[in-house]
Amino acid sequence: MYEENAKIQFDELKNKPDALILGIESSCDETAAAVVRGGREVLSNVIASQIEIHRRFGGVVPEVASRNHTLALPNIIDQALKEAGVTASDLDGVAVTFGAGLIGALLVGVSAAKAYAYAINKPLIAVNHIEAHVSANFIADKTLEPPFCALVASGGHTLLLDIKGYNEFEKLGGTLDDALGEAFDKVARVLSLPYPGGPNVEKLAKEGKPNIKLYKHPKGVRQDLSVSYSGLKTAVVNYVHTLEQRGEPVPVADVCASFTSEAVGLLAKTAAECVRRSGRSLLALAGGVASNGDLRAALKAEGAANGFSVCYPPHVLCTDNAAMVASRAYFTAREGKGLAGLDLNAKSHIAF
Ligand code: KG4
Ligand code: ZN
């Protein structure tokens, strides 16, 4: 009965440009809920960060993240509705990130969304976390439409995509091993900088000089538009350990600047080649690392030199949030995609 009714309501979303969607996000250490109208207008965007809880462990502890999502989510959902000035019956659908991410953390959001959608008798819409990150750009720029290229750089992914349509994403390149955010976090850790590493490495990089040759990068952009971060990460770890073993001081700011310059340089060139090959004129950035000023600057320089523009969402929409999840659900539902049943399961990995 619920599923038949949900299907009827879901089909109506195709003709509802002002559809009101509740988004739920719990794939890592942010518990988030948001209400978005028409895929682009954020009525509320509530994020409870667990950073303080995980800081003493130096990184996210999956089991602790799941438990805290369980505790936080009911209140976060209530708050998102209240701040948006809507009630559950005003909603047209409930969207949830079902992957990729930490499996236990995802399961909390998926279970809550299923229960909530069932209780209020509204369709449940399953959202891919990476696609949601890209959708943050539709919120930031109300006139943005495909086609364009996207670089998604987060703690779990580094992907170059051709966004051919709202529901047509083609992978053109990306990392062969570690994600860029993961590399930032590992470098921060070996330098004893607090979690989360990325923003702290960025802060210190501003005070340092990129004068340490950490790693011999393969020259130039690779034919398959791949990048790799495990070698660079290991080079930083070895450099720091060698100095420590010799009892010499570690030039922390210079290491941050040198790592950033290496990490960002080849990625910017690879992204530029991705834009050139696909014939697009815009590169949209997404994911937590899209907040990084050095990455933005390197890509803008490539854009200026090669004739493409670069856009990115504000910081709060780069890192994990639920507004991007609700936005993504709107754009999938508009094309009849994403309806989930009550058997929806979480997925830790989703191939692109
Ligand atoms: O998208 P996100 O919030 O979560 C995932 O889906 O992974 O990205 C988190 C990642 C972390 O690795 C964090 O260190 C990195 O984004 N990050 C940054 C910056 N802000 C967040 N990395 C470099 N510079 C930043 N300013
Ligand atoms: Zn993310």
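So, surface first: this protein exposes about 14,800 Å², and carbon and sulfur atoms supply 52% of that. Keep in mind that we're looking at a predicted model. On the inside, buried residues make up 55% of the 352 residues.

Okay, overall form. How does the radius of gyration sit against the compact-globule rule? The rule puts a compact globule of 352 residues near 20 Å, and the protein comes out at 21 Å, so the two agree. If you look along the principal axes, the C-alpha trace spans about 70 × 45 × 30 Å.

What's it built from? The secondary structure comes to 12 helices and 12 strands. And for the contacts, take pairs of residues at least 6 apart in sequence: 74% of those contacts join residues at least 24 apart.

Charges, quickly. There are 35 positive and 38 negative ones, and their mean positions are 4 Å apart.

Now let me zoom in on one residue, Arg189. Which helix is it in? That's α6, which covers residues 180-190. Is Arg189 buried or exposed? Its relative accessibility is 56%, and the cut-off for exposed is over 50%, so Arg189 counts as exposed.

Who does Arg189 touch? Setting aside neighbours within four places in sequence, Arg189 is in contact with Phe57 and Gly58. One more distance for you: Thr234 is 45 residues from Arg189 in sequence, and C-alpha to C-alpha the two are 12 Å apart in space.

That's what I had, happy to go back to any of it.

How values were computed
Residues numbered from 1 in each chain as written. Chains lettered and ligands numbered in written order. Predicted model: local features only at pLDDT ≥ 70, side-chain atom pairs only at ≥ 80, totals over all residues. Heavy atoms only, no water. Helix = DSSP H or I, 4+ residues; strand = E, 2+ residues; numbered from the N terminus. Rg over C-alpha atoms; globule rule 2.2 N^0.38 Å. Buried < 20%, exposed > 50% of the residue type's maximum accessible area, 1.4 Å probe, protein only. Contact = heavy atoms within 4.5 Å. Areas by Shrake-Rupley, 256 points an atom, 1.4 Å probe, with all protein chains shown as cover. Lys, Arg positive; Asp, Glu negative; His and termini not counted. Charge placed at Lys NZ, Arg CZ, Asp CG, Glu CD.
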